[in-house]
Amino acid sequence: MNVAVALVEAGAGDTAAVRAARVAAIAGKYADAVDFEGRFPREAVDAMRTEGLLSIQIPADFGGEGASITEIAELCSILGQACAASAMVFAMHQIKLSSLVEHGAGSDWHREFMRRIAKEQLLLASATTEGGIGGNLRNSICAIKVEGDRCFLEKDATVISYGAHADAILITSRSHAEAASSDQVLTVFLRDQYTLERTIEWNTLGMRGTCSDGFQFKGEAPAVQILPKPFAEIAAQSMLASSHLLWSGVWYGIAADAVARAQAFVRAAARKSPGSQPPGALRLAEVSSLLQMVKSNVVAGLKVYEEAKVDVDRLSSMAFAVAMNNVKIASSEMILPIINHAMLICGIMGYKNGTPYSLGRHLRDAHSAQLMISNDRILGNTSTMLLVHKQDISLLG
């Protein structure tokens, strides 16, 4: 029994986790169809709106609940046990919301926008990739143009996850036409302020329901919708950390459900042969320890982030960036062996589609983890930082 089912059946109070469990129950019903058809998980997202989860991170003063990154990561893991695509949509929305919460509170327009998100349960998408630079989000080719109180932007966005289904898009660009590629800003564009022309179709191995098509973006909006902080600051202090941690929460959920299916398979085998150890029991014990390692990695990363948030200098330090990078690398690389172990335990019943132990969707979705953002790119950035930063190797440091 996964966490979502257990919470609902236990009749726990109407906490965020219980609300996420209700969403997960709906997401799970449609997970295979979402994957097979490569369609947006609209039933799950509608349920997120009904449960008020899209605004859970927004401070109470602006109509939200002020949920912490740790609480949101737990919701990602609950949803990830039911439908990875639905969980990833939720995670990516919350990652963009963190940019507003952490860096937009000083702006009248962005404060009012947060109130509107809470009231209308708006879904936020992200456009940080671009033709010519790929997934290097800390560089842009396009530049925003400001004329009077209006701003204009065109961008060859090679990936906008669920872009066609979002209510607003937060998009990066150079701050002006003469700016360096790393001198970037982040701008909010509402649905009626931009057009999208699909240029790349999202037809992938896994995470098919995120519908991460590529688009030619053209937008015009009031210039006040540009976030007042440089994107370099937003990325370092909130976006990258929340990405690595919330994605890891989703991946943990995928792996946890795979282990739960393997455990159910072994238990079923044990009932058929009482008094003898069923095949796969030893391997189940082994995969349980691997899953605990992933959990410990994510929990430790969340603790580091929560502690760093009270110190801006620490939040912008190389030590913090290296720690967050390591969380992402470890989580994304460890879930594939876990799901492979679960597949070996379940055998042909895990390999086949349409059984209670099917793991094909889990395995395909998990393969995306090392590509979001590319582990090679992250390792390259970490290696550069380690040339000038001495890593803390104490056990409790």
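This is a predicted model: local features need pLDDT of at least 70, side-chain atom pairs count only at pLDDT 80 or more; totals for chains, interfaces and linings use all residues.
Me: Hi! Let's start inside. How many residues has the largest nonpolar core?
Reply: The largest nonpolar core has 125 residues. Those with the most contacts inside it are Met-48, Phe-90, Leu-100, Phe-113, Phe-189, Trp-247 and Val-250.

Me: And which helix gives the most to this core?
Reply: That's helix H7, residues 231-272, with 19 residues in the core.

Me: Nice. What is Phe-90 in contact with, leaving aside its neighbours within four places in sequence?
Reply: Phe-90 is in contact with Met-48, Leu-53, Leu-54, Ile-72, Leu-75, Cys-76 and Leu-79.

Me: Switching topic: what does UniProt place at residues 29-104?
Reply: The unreviewed entry has "domain: Acyl-CoA dehydrogenase/oxidase N-terminal" there. In the model, that span is 66% helix and 0% strand, and its end C-alpha atoms are 37 Å apart.

Me: What about residues 236-371?
Reply: UniProt, again in an unreviewed entry, annotates them as "domain: Acyl-CoA dehydrogenase/oxidase C-terminal". Here the chain is 80% helix and 0% strand, with the end C-alpha atoms 20 Å apart.

Me: Now the outside. Which residues form a nonpolar patch on the surface?
Reply: Met-318, Leu-387 and Val-388 do, with about 340 Å² of accessible area together. Leu-387 sits in the segment after helix H13 (375-386).

Me: Is Leu-387 buried or exposed?
Reply: Exposed: its relative accessible area is 73%.

Me: On to charges. How many salt bridges are there in the whole structure?
Reply: A search finds 22 salt bridges. One of them pairs Asp-32 with Arg-361, with the closest N and O atoms 2.9 Å apart. Asp-32 lies in helix H2 (residues 16-37) and Arg-361 in helix H12 (residues 360-366), so this pair ties together parts that are 329 residues apart in sequence.

Me: Are those two, Asp-32 and Arg-361, buried or exposed?
Reply: Asp-32 is exposed, at 52% relative accessibility, whereas Arg-361 is buried at 11%.

Me: What does Asp-213 pair with?
Reply: Arg-198, in a salt bridge of 3.0 Å from N to O. Arg-198 is in strand S6 (residues 194-200) and Asp-213 in the loop between S6 and strand S7 (214-222), so parts 15 residues apart in sequence are tied together. Arg-198 is partly exposed at 48%, while Asp-213 is buried at 9%.

Me: Last one: which residues are linked in a network of salt bridges?
Reply: Glu-37, Arg-39, Arg-42 and Glu-43 are linked that way.

Key. Residues are numbered from 1 along each chain as its sequence is written. Side-chain values use heavy atoms; hydrogens and water are left out. A nonpolar core is a set of buried Ala, Val, Leu, Ile, Met, Phe, Trp, Tyr and Cys residues joined through side-chain atoms within 4.5 Å. Buried means under 20% relative accessible area, exposed over 50%, partly exposed in between (1.4 Å probe, protein chains only). Helices (H or I, at least four residues) and strands (E, at least two) are DSSP runs, numbered from the N terminus. Contact means heavy atoms within 4.5 Å. UniProt positions are given in the numbering used here, feature names are shortened, and annotations may be inferred rather than shown by experiment. Patches are made of residues with over 30% relative accessible area and no salt bridge: like charges are joined within 9 Å, nonpolar side chains (Val, Leu, Ile, Met, Phe, Trp, Tyr) within 5 Å. Accessible areas come from the Shrake-Rupley method with a 1.4 Å probe; for residues, only the protein chains shown count as cover. A salt bridge is a side-chain nitrogen of Lys or Arg within 4 Å of a carboxyl oxygen of Asp or Glu.
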